[in-house]
Amino acid sequence: MHKNLHDLKVFKIVLFSIVISFLFCIMFISSSSIPKGDDLVFHLNRINSLSYSLQNGDFYPYIFHNQNFGYGYASPIFYSILFLYPASFLNCLGFSVIESYKIMILLCTFLTCLTTAYFLTAFTKNTFSISVGIIFYIFSGYRITDCYTRGALGEIFAFIFLPLILYGIFDIFYDTHKKWQVLTIGYTGLLLSHNISFFLGCCLFLSFFSLNVKKTVTNQQIRFSIYKAISFSIGLTAFFLFPMLEQINTLTIANNIPPSSEVLKLQDILGLLNGTYIYTPGIITILIPFMQFRKLKKYPFLKHCYIIGIFSILLTMFTALWNIPALGFIQFPWRLILLSCILMIPSFVFIFEQLKYSRKMILLIMELIFIIYYFNAQSSLPLLSNISDPQLNIDKLVTTFGDDVNFCSSELAHGEYLPNKEYDYRFSKRKINTNPSAMVEIPFTEKYNEIIFNSLSTAKPTTYIIPLTYYKGYIIEINNTTLYPYPDCENAFVTFVLDDNYADEEIKISYKGTRIQKLSSLLSIMTSIIFGAFLLNKKYKQRS
């Protein structure tokens, strides 16, 4: 009987999550076009390039070889592509890249509903209260902005995993101290979603850790659970984490411009529109726990969640803090609202559950008014047509960030992962340069991940500069010999030197990856097997 009731509740939550997902994505699925968010074109091109790689048999590309006019761009090394695969598979099956993106957002919303429900079961078994928590998290103003106005796909992914992180923190510090695997899944997913969100998630963990230092020092189980969660998270993400760290020093990606011009004002937190931008987790989820804060004092986790959530909101308004250049990598102070969206939910649901039915209905009606208000604003966004740009016409979108850029901005956004942004990739002819200069242009053939040409007939050493952006992992194959190139000092292109022993020989340049990439992938595979075996064993023990 108990199992049947549990199954019925699960069924209700899943069915409710499906309905909510379609309602949230109504502006996506009701039109063949799509609101053209700030980062939308960049992410559509990531999906498109991953599809191109899959079609060429490259199932985990470290470089998108078709991007930036054929010079290549290694965004997969620095910005995980793992969660793009569903959309890219759909694109390979014949769906347009825009249709694939829409389906992926629908799936992300559904998964966010499920992880939120899973998190809230730690505090209530009431299906209605859980459903209300889902509504206020899914339809938070900041998430609406992420999905529609900004097209911030990395943060959309992050919304899925933040409830799991908070659940893991709750269990380790405040409950059984044993569910470290939830924290592992949460932080693994967060790093593979969005690097900046992962950093903020680590700050979130440190906040709770600082509030529970004494408990952690005296409780060996807590320390052991934290150690296991960190160890497995590193192992599971090794295939992305270590290759990124290996190559990050070759780039100049730091943003040292203080983001103080982007601090929020009180009207932003209150949910008043700034164009189509909404910078609030929800005024209702802020005020209701505040007015009933005394009820939270007996529940440390709920109290700590609310306090940290309010603190993260206040930090977005503190101009002096964001004048610090070192915080430039966060880009926007209002990214902290991402954390407050989930931090407000548990205390709100706890208070909501104790309210009279009439007051509950009033709050839901107020939330519905806010949702209509926010979605009405999103309807004014410009549209990207699925008919006129079925597979993203790069020529039309190349100047997404203005005519003054030298690279393909629709594919590279701001070109954070380019070693050199000054070279005119856009208009310069792609050709092989040599030193000393060749009298004639060297012809070459190009495949997906290969450039092939014949070396010059010369009696002295020659430097070859290939029209490919240099990243570690390229190799030169010539006459059964493998050479390793380096970046030229002027444009950071793939460069190597041949002496007269290699005159008039066929040369092949291709990207084969680094030893760290291969060892890291092996470590992640082994960790995944061990972690999966642990989860299966735990589930078997629970059933028996």
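In which sense do β7 and strand β8 (residues 481-483) pair, and over how many bridges?

Modeller: The model is a predicted one, and what follows should be read accordingly. Strands β7 and β8 pair in the antiparallel sense, and 3 bridges connect them. Within this pairing, Ile 478 of the chain stands opposite Thr 481 in β8. The two strands form a hairpin with 2 residues between them, and there Asn 479 adopts a positive phi near 55°.

Strand β7, which covers residues 474-478, has a further partner. It is joined to strand β11 (residues 506-511) by 5 bridges, and these two strands also run antiparallel. Ile 476 is placed opposite Ile 509 in β11.

Phe 69 has a positive phi of about 60° although it is not a glycine. Its place is the loop between α3 (40-55) and α4 (75-78), and with a relative accessibility of 31% Phe 69 counts as partly exposed. His 177, likewise not a glycine, has a positive phi near 70°. This residue is found in the loop that lies between α9 (153-174) and α10 (180-191); His 177 is buried, at 16% relative accessible area. A cis peptide bond leads from Asn 435 to Pro 436, with omega near 5°. Pro 436 is located in the loop between β3 (433-435) and β4 (445-447).

Finally, the wider setting. The chain comprises 22 helices and 11 strands. Its radius of gyration is 26 Å, close to the 24 Å that the globule rule gives for 544 residues, so the chain is as compact as a globular protein of that length. The C-alpha trace spans about 90 × 55 × 50 Å along its principal axes. Of the 544 residues, 54% count as buried. Among contacts with a separation of 6 or more, 74% are between residues 24 or more positions apart. Carbon and sulfur atoms hold 63% of the accessible surface of the chain, which comes to about 24500 Å². The chain carries 42 positive and 33 negative charges, whose mean positions are 21 Å apart.

Conventions: Residues are numbered from 1 along each chain as its sequence is written. This is a predicted model: local features need pLDDT of at least 70, side-chain atom pairs count only at pLDDT 80 or more; totals for chains, interfaces and linings use all residues. Side-chain values use heavy atoms; hydrogens and water are left out. Helices (H or I, at least four residues) and strands (E, at least two) are DSSP runs, numbered from the N terminus. The radius of gyration is taken over C-alpha atoms; the globule rule is 2.2 Å times the number of residues to the power 0.38. Buried means under 20% relative accessible area, exposed over 50%, partly exposed in between (1.4 Å probe, protein chains only). Contact means heavy atoms within 4.5 Å. Accessible areas come from the Shrake-Rupley method with a 1.4 Å probe; for residues, only the protein chains shown count as cover. Lys and Arg count as positive and Asp and Glu as negative; His and the chain ends are not counted. The place of a charge is taken as NZ of Lys, CZ of Arg, CG of Asp or CD of Glu. Two strands pair if DSSP finds at least two bridges between them.
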